[in-house]
2 protein chains.
Amino acid sequence: MSERVIKIGLCGFGVVGQGVFNHVQAKAKALTDQLGAQLEITRIAVRDTKKARDFAVADGVVCDDPMSIAQDESLDVVCELMGGTTLALEVCSTALKSGKVVITANKALLCDYGPELLKAAKDGGGHLLFEASVAGGIPIIKAINEGLVINSFSSIYGILNGTCNYILTRMANEGLSYEEILKDAKDLGYAEADETLDVQGIDAAHKAVVLAYLAYGRWVPYKDLFVEGVTKVTQDDIAYAKENGYGIKLVAVIAKTRDAGKLYITVLPTLVPLKYVLGRVDGVFNAVSVRGDVVGETVYIGPGAGRDATASAVISDLVDAVKTLVCSSKNEKVPVFDPVPRCGCDMELAEPEEIESRYYLRLLVQDEPGVLAEVASRLAAYDVSLASVSQKEVAEDASQASLILTTHMTTEKAILDAIKNLEGYECVDAKPFMMPIGNFED
Amino acid sequence: MSERVIKIGLCGFGVVGQGVFNHVQAKAKALTDQLGAQLEITRIAVRDTKKARDFAVADGVVCDDPMSIAQDESLDVVCELMGGTTLALEVCSTALKSGKVVITANKALLCDYGPELLKAAKDGGGHLLFEASVAGGIPIIKAINEGLVINSFSSIYGILNGTCNYILTRMANEGLSYEEILKDAKDLGYAEADETLDVQGIDAAHKAVVLAYLAYGRWVPYKDLFVEGVTKVTQDDIAYAKENGYGIKLVAVIAKTRDAGKLYITVLPTLVPLKYVLGRVDGVFNAVSVRGDVVGETVYIGPGAGRDATASAVISDLVDAVKTLVCSSKNEKVPVFDPVPRCGCDMELAEPEEIESRYYLRLLVQDEPGVLAEVASRLAAYDVSLASVSQKEVAEDASQASLILTTHMTTEKAILDAIKNLEGYECVDAKPFMMPIGNFED
């Protein structure tokens, strides 16, 4: 095998970019030995060329114009590790249209512009690889796309945001409020200075959209997801979970409805039975459970973020790219394999009245006679029937009570309509808090 | 993309072979759409051509001579799903030497003849793929080989035999003896008529050898493994485990010693802390924990056996093969990628005095004064120091007692030498039973 040189450009040299650079350099010989090709990072675009960095880069490699890398005819592979969805889109599209392999970890970009990017790849003969975009170091995209290639999927459940899982785990272990743990998580670097994308569930939702595309071949617009973050979880909820054998996790559900087989995606704080493996995945770890019609359930657990875990995933794409490039002769274009053999592109989205679950509701109510009866009857009006009820005094204000209800199986529409109705009831003092009660056994 | 036809021969049409046939037929269109190539199973070798089968096969496809399939020039891919290591070796070697892709689920074959098979592949330009050989439907080989390609590994822990895990789980849940559960497992089809390969740990050891090759590039001879099955586990052990927060699992450890970095493989019933995810993987499920220097720990859980789970893995290899074949032009040989980028081929094996663990010991002793003191002093003579001691009367025979000891950190050599010494002590009535106490936290 003649030793080919694969030229790589990095757009973005922050935490992940430096991780990729570091590990590719450190294991250059092993990679060359395996691949019969040398991996050379010949260009790097940074935001500020004057900034000091952890890793020494040869002269002439660094620039501050990622577009010049996207357009560089000498490059085989471009890694987009800048983040954002404006310049990143331009960089990725340009590189794909010119037939390059583009590797990205940018789930927001994929969520918003997945179809455009894949079209650019198809038109230009490029490849789009994005293992690092979901669940960090866990090779979940490779598992779904290749390892489970013969499967159709009934559901994917994912703990996809390490920051949320870290906060929920510490809240459960330490009995402190969301706000207290968030502050500490920021101090320790487990949460960003602006935590919005993480704690509101937006980051997990981006990842869920990517998983849904892989499993079902359809890019679901973000607006069609039901997304709620972890900011409203309280110690009342955690106490209930502990007493009843649950863990609270921010769970992304990407699933087909049982009867009609329509697709839905929700990202919600969820009561997960502790006997189920996802209920015990704690701290910054991510986990994904995938149910295939051939294989059954497989579960993947690992670090969902961090410089090295993400670099590990980016480099797995890089090595796949090199294998493909080495396979192809110079004159012949390598065929682009559509990552989706599962022909679901025309899959319908489920309506809220088709999505079924049991639910947990926490209401702050006036501690007056008749309130519970009224709440129950308002729920019943939407066919929401109660499985359990518990009421506790609120310590600070004896005129209020925390009312925790769980329902039997009902629909998302019914529970949301019922909640809306309860918001209009003068004895309910704050917006009710709702979580699905996960049934992951089937 | 012109639609190429990839011709496939199946050697073996038992449970797994029929599973592969079924799913490839059932999803033929989706596969063709994705791959731009048609997958055609044109030949099948069976043991008895007259036997009735679950799936209809076209005329002229079935024969009873697998070697004729291995030699068939018209075939691109041969799936060896016969089992055994004699004819299977001949079939695989012949097909590989003629440049075919060979897919096998045969861990015994890989364990005994891995180097020969890889050499045949290299010499002949063939490819050897074996995703289904370890952990059934879990794409663990793809994960290690591709997803974690940039990682060096410090350890792999695996629950690799579903039958053993099923038996241990039911023993723990139902309080019955090994023999009782085994009998029932056979009746229910969870254990083979001849259970030896499974319950003695041999099957798990074969898989451990394959994983060790993938992670460290070295084929460790079976004789260099320390293997013990689950046949000697009793309700005494299970009671101890429950009281102390452990699960008993048959765990394969493929790891490097901390200081010298030497490789060792053990397959032993093991006390696994319940707070660690592997401690709670129950029933027929398999699980593998992989620690990489870049990514950290990732864990994979799923069905370790069964027609469909195994077929899922075989077909993932098949699709990979098709991608590679489609990539290569007719005239040009596809490069064979060595699955091991980790250059450990010259890695030394650890000696028993270099392997460290805490251990659990159960002894049947004469219930006489001084016995415990003598046992402790004999252990101390090998520098084995005790962490805990508990003694219980044996119900059937009050003159005997069950003595359960746990040790502080010591070496495999020390504990084995000490056990040998204890076997020579007239007050120890049966061969002591030993399990490592797993420390999976680092």
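Modeller: Happy to. Two strands count as paired if DSSP finds at least two bridges between them. Strand β8 (residues 226–227) of chain A and β10(A) pair in the parallel sense over two bridges. Keep in mind that this is a predicted model.

Biologist: Which residue stands opposite Val227(A) in β10(A)?

Modeller: Val267(A) is the one in β10(A) that stands opposite Val227(A).

Biologist: And how many bridges join β9 to β10(A)?

Modeller: Strand β9 (residues 246–256) of chain A is joined to β10(A) by 11 bridges, and these two run antiparallel. Within that pairing, Leu268(A) in β10(A) has Val251(A) opposite.

Biologist: What sits between β9(A) and β10(A)?

Modeller: Six residues, and the two strands form a hairpin. Gly261(A), in the turn, has a positive phi of about 65°.

Biologist: Is β10 of chain A mostly covered or mostly open, and how many of its residues are buried?

Modeller: Mostly covered: 10 of the 11 residues in strand β10 (residues 263–273) of chain A are buried.

Biologist: Let's move to helices. Which residues of α11 are buried?

Modeller: In α11 (residues 235–243) of chain A they are Asp237(A), Tyr240(A) and Ala241(A). Looking down the axis of α11(A), those buried residues fall within an arc of 100°, so they line one face of the helix.

Biologist: What do the buried residues of α11(A) pack against?

Modeller: They pack against β9, β10, β13 (356–366) and β15 (400–407) of chain A.

Biologist: What comes just after α11(A)?

Modeller: Gly245(A), which takes a positive phi of about 75°.

Biologist: How about α2, which of its residues are buried?

Modeller: For helix α2 (residues 28–35) of chain A, the buried ones are Leu31(A), Gln34(A) and Leu35(A). They fall within an arc of 80° when seen down the axis of α2(A), so they too line one face of the helix. Their cover includes β2 (37–45) and α12 of chain A. After α2(A) comes Gly36(A), with a positive phi near 65°.

Biologist: Zooming out, which domains does the assignment give for chain A?

Modeller: Domain 1 covers 4–136 + 307–327, domain 2 is 140–303 and domain 3 is 356–437. The centres of domain 1 and domain 2 of chain A, taken over C-alpha atoms, are 27 Å apart. Their contact takes 14 residues from domain 1 of chain A and 17 residues from domain 2 of chain A.

Biologist: Which elements supply at least two residues of the domain 1 side?

Modeller: α5 (107–124) and α12 (307–327) of chain A each do that on the side touching domain 2 of chain A. The largest share, six residues, comes from α5(A). By class, that side of domain 1 of chain A has eight nonpolar, four polar and two charged residues.

Biologist: Last topic, the whole chain. How many helices and strands are there in chain A?

Modeller: 14 helices and 17 strands. Buried residues make up 52% of the 442 residues in chain A.

Biologist: And what are the overall dimensions of chain A?

Modeller: The C-alpha trace of chain A spans about 85 × 45 × 35 Å along its principal axes.

Biologist: Great, thanks!

Definitions and conventions
Residues are numbered from 1 along each chain as its sequence is written. Chains are lettered from A and ligands numbered from 1 in the order in which they are written. This is a predicted model: local features need pLDDT of at least 70, side-chain atom pairs count only at pLDDT 80 or more; totals for chains, interfaces and linings use all residues. Domain bounds come from an automatic or database domain assignment. Two residues are in contact if their C-beta atoms, placed from the backbone, lie within 7 Å. Helices (H or I, at least four residues) and strands (E, at least two) are DSSP runs, numbered from the N terminus. Ala, Val, Leu, Ile, Met, Phe, Trp, Tyr, Cys and Pro count as nonpolar, Asp, Glu, Lys and Arg as charged, and the others, Gly among them, as polar. A residue is buried if 20 or more other C-beta atoms lie within 10 Å of its own, exposed if 12 or fewer, and partly exposed in between; C-beta atoms are placed from the backbone. The arc is that of the directions from the helix axis to the C-beta atoms.
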